Amino acid sequence: MQCQIIYSSKYGSTKLISQWIGEKLLHHEIQNEIISSQKATLCNESNHIVLISPVYSGKALKEFTSFITENQTLLLKKSLSIVCVAMQKERCFNNQGILNIISEFTQLHKNIIHQEVLLGEMIYSNMTKEDQTSLYSFYTKIMKFEDEKLKEKLESTSLLNKKSVWELASIIIKNIKKGN
Ligand SMILES: Cc1cc2nc3c(=O)[nH]c(=O)nc-3n(C[C@H](O)[C@H](O)[C@H](O)COP(=O)(O)O)c2cc1C
């Protein structure tokens, strides 16, 4: 196993993106394992780890950050690509890149060879009532969207783009082939 792709996903879009990355790696004969962070065990043979989480309210999923915290020592021996999945790329970056979303990565800073935000999707009918309510409050109380804008934001939207995912996978492949 050359690479492990470890993901968290609440509604499936990050899982699908992980599968697309794995597919492209395999086209380039890079053996990989795609596994949920809740079940993942880091294996000795894999030098490169792709860690991928969706963004919820400006943060990675709890199960994902727990995985990083619990596996910090082993992750320090690996080279890492970090990917976030979100609906708005710009809001995910600050002067530390996307590390503000996953502050648990501070210790692993020097192991990260690539970081990227990919676009996901929001399908309202799939969401829990709690998530629907939380989004509605965010749009009305914080963003203060009204009428048309609110209606537009409450439409289900898919920004998933396999081409962008494969472009990212090509960068990962180059890094793995360079021995990173
Ligand atoms: C309750 C809720 C909060 C969200 N918060 C953010 C956010 O802060 N920033 C963002 O860009 N996207 C946000 N999103 C969009 C998700 O990141 C996006 O839907 C992602 O594709 C979900 O991945 P998953 O299907 O793997 O769970 C939020 C979605 C929900 C339902």
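## Strand pairing around S5

Leu51 stands opposite Ile82 in S5. This is a predicted model: local features need pLDDT of at least 70, side-chain atom pairs count only at pLDDT 80 or more, and totals for chains, interfaces and linings use all residues. Residue numbers start from 1 along each chain as its sequence is written. Strands here are DSSP runs of E with at least two residues, helices are runs of H or I with at least four, and both are numbered from the N terminus.

S3 and S5 pair in the parallel sense over seven bridges. Two strands count as paired if DSSP finds at least two bridges between them. S5 also pairs with strand S6 (residues 112–119), again parallel and over seven bridges. There, Val85 has Leu118 in S6 as its bridge partner. S5 is mostly covered, with seven of its eight residues buried. Buried means 20 or more other C-beta atoms within 10 Å of the residue's own, exposed means 12 or fewer, and partly exposed lies in between; C-beta atoms are placed from the backbone.

## Strand S1

S1 is mostly covered too: five of its five residues are buried. Cys3, Ile5 and Tyr7 point one way from S1, while Gln4 and Ile6 point the other way. In a regular strand the side chains alternate between the two faces of the sheet.

S1 pairs with strand S2 (residues 32–36) in the parallel sense, over five bridges. Ile5 stands opposite Ile34 in S2.

## The nonpolar core

The largest nonpolar core has 38 residues. Ile21, Val50 and Cys84 have the most contacts inside it. At least two residues each come from strand S1 (3–7), H1, S3, helix H2 (62–70), S5, S6 and helix H6 (162–177). A nonpolar core is a set of buried Ala, Val, Leu, Ile, Met, Phe, Trp, Tyr and Cys residues joined through C-beta atoms within 7 Å. In soluble globular proteins, nonpolar side chains tend to be buried together.

Cys84 touches Ser53, Val55, Ala60, Cys92, Ile98, Ile101 and Val117, not counting residues up to four places away in sequence. Contact means that the C-beta atoms of two residues, placed from the backbone, lie within 7 Å.

## Ligand shell and domains

The ligand is surrounded by 23 residues. The closest are Ser9, Thr14, Pro54, Ala86 and Gly120. Helix H1 (13–27), strand S3 (48–56), strand S5 (79–86), strand S7 (121–122) and helix H4 (129–142) are the elements that give two or more residues to the shell. A residue is near a molecule if its C-beta atom, placed from the backbone, lies within 6 Å of it. By class, the shell residues divide into ten nonpolar, nine polar and four charged. Nonpolar covers Ala, Val, Leu, Ile, Met, Phe, Trp, Tyr, Cys and Pro; Asp, Glu, Lys and Arg are charged; the others, Gly among them, are polar.

The chain is assigned domain 1 (3–120 + 159–177) and domain 2 (123–156). These bounds come from an automatic or database domain assignment. The domain centres, taken over C-alpha atoms, are separated by 27 Å. Each of the two domains supplies at least three residues to the ligand shell.

## Positive phi in two loops

Most residues other than glycine have a negative phi. Ser57 has a positive phi of about 50° although it is not a glycine. Ser57 is found in the loop between S3 and strand S4 (59–60). Ser57 is exposed, with 8 other C-beta atoms within 10 Å.

Lys144 has a positive phi of about 55°, and Lys144 is not a glycine either. Lys144 lies in the loop between H4 and helix H5 (147–153). Lys144 counts as exposed because it has 9 C-beta neighbours inside 10 Å.

Glu63 lies in helix H2. Glu63 is partly exposed, with 14 other C-beta atoms within 10 Å. Leaving aside neighbours within four places in sequence, Glu63 is in contact with Ser8, Ser37 and Gln38. Glu63 and Ser37 are 26 residues apart in sequence and 6.9 Å apart in space, C-alpha to C-alpha.

Asn175 is in helix H6. With 16 C-beta neighbours inside 10 Å, Asn175 is partly exposed. Asn175 touches His48, Ile113, His114 and Asn180, not counting residues up to four places away in sequence. Asn175 and Ile101 are 74 residues apart in sequence and 23 Å apart in space, C-alpha to C-alpha.
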